[in-house]
Each structure stands twice: as C-alpha cells, then as structure tokens.
Amino acid sequence: MDISYNKLFKLLIDKNMKRTDLRIATGISPNTMTKLSSNEYVSMEVLVKICRVLECDFGDIIEIVPDN
C-alpha cells in the first residue's frame with residue numbers, strides 16, 4: 001500500500017493557504033514538506049501538527065492507495 005497527501009493539498013487550496021504557510025505554521029522542516037509533496041512517509045508527530053493547524057482529522061489529509 002502507498003500513501004497520498006493529495007487530500008492535504010486540496011484542503012490547503014480550500015483554506016486559501018500555501019504550502020509555505022503550512023510549513024511555517026506547523027514548524028516542520030522544508031525537507032519534511034518535500035516528503036509530503038513526494039507522497040513519502042512522515043512521522044505521526046508531523047501529521048498531528050498539520051491536523052492541529054488545519055483543525056482536521058487524519059482522514060482529511062492522507063489517503064491509503066493500492067499498490068500499482
């Protein structure tokens with residue numbers, strides 16, 4: 001199984017927020033933001049920070065997709 005953060009980036013668009021704004025608000029590193037953009041695994045701590053800032057749940061920002 002793979003993961004996708006497309007829901008996160010759609011939510012940012014809905015909230016009129018840029019990726020840089022999210023990075024600064026959460027205090028995550030640019031490297032972590034790159035991992036999110038590349039649909040790579042990040043720590044649970046990062047996901048919790050994002051959910052707190054965006055006032056959402058995990059299901060609103062991440063999706064499990066079948067292997068291709």
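**View 1. Charged side chains of the protein chain.** The protein chain carries 9 positive and 10 negative side chains, and the centres of the two sets lie 6 Å apart. Here Lys and Arg count as positive and Asp and Glu as negative, leaving out His and the chain ends; each charge is placed at NZ of Lys, CZ of Arg, CG of Asp or CD of Glu. This is a predicted model, in which local features need pLDDT of at least 70 and side-chain atom pairs count only at pLDDT 80 or more, while totals for chains, interfaces and linings use all residues. Residues are numbered from 1 along each chain as its sequence is written, and side-chain values use heavy atoms, without hydrogens and water.

**View 2. The fold.** Four helices and two strands make up the secondary structure of the protein chain, in the order β-α-α-α-α-β along the sequence. These are DSSP runs numbered from the N terminus: helices are H or I with at least four residues, strands E with at least two.

**View 3. The salt bridge of Glu45 and Lys49.** The structure holds one salt bridge, meaning a side-chain nitrogen of Lys or Arg within 4 Å of a carboxyl oxygen of Asp or Glu. Glu45 pairs with Lys49, their closest N and O atoms being 3.8 Å apart. Both sit in helix H4 (residues 44-54), four residues apart, so about one helical turn separates them.

**View 4. How open the two partners are.** Glu45 is exposed, at 53% relative accessible area, whereas Lys49 is partly exposed, at 30%. Buried means under 20%, exposed over 50% and partly exposed in between (1.4 Å probe, protein chains only).
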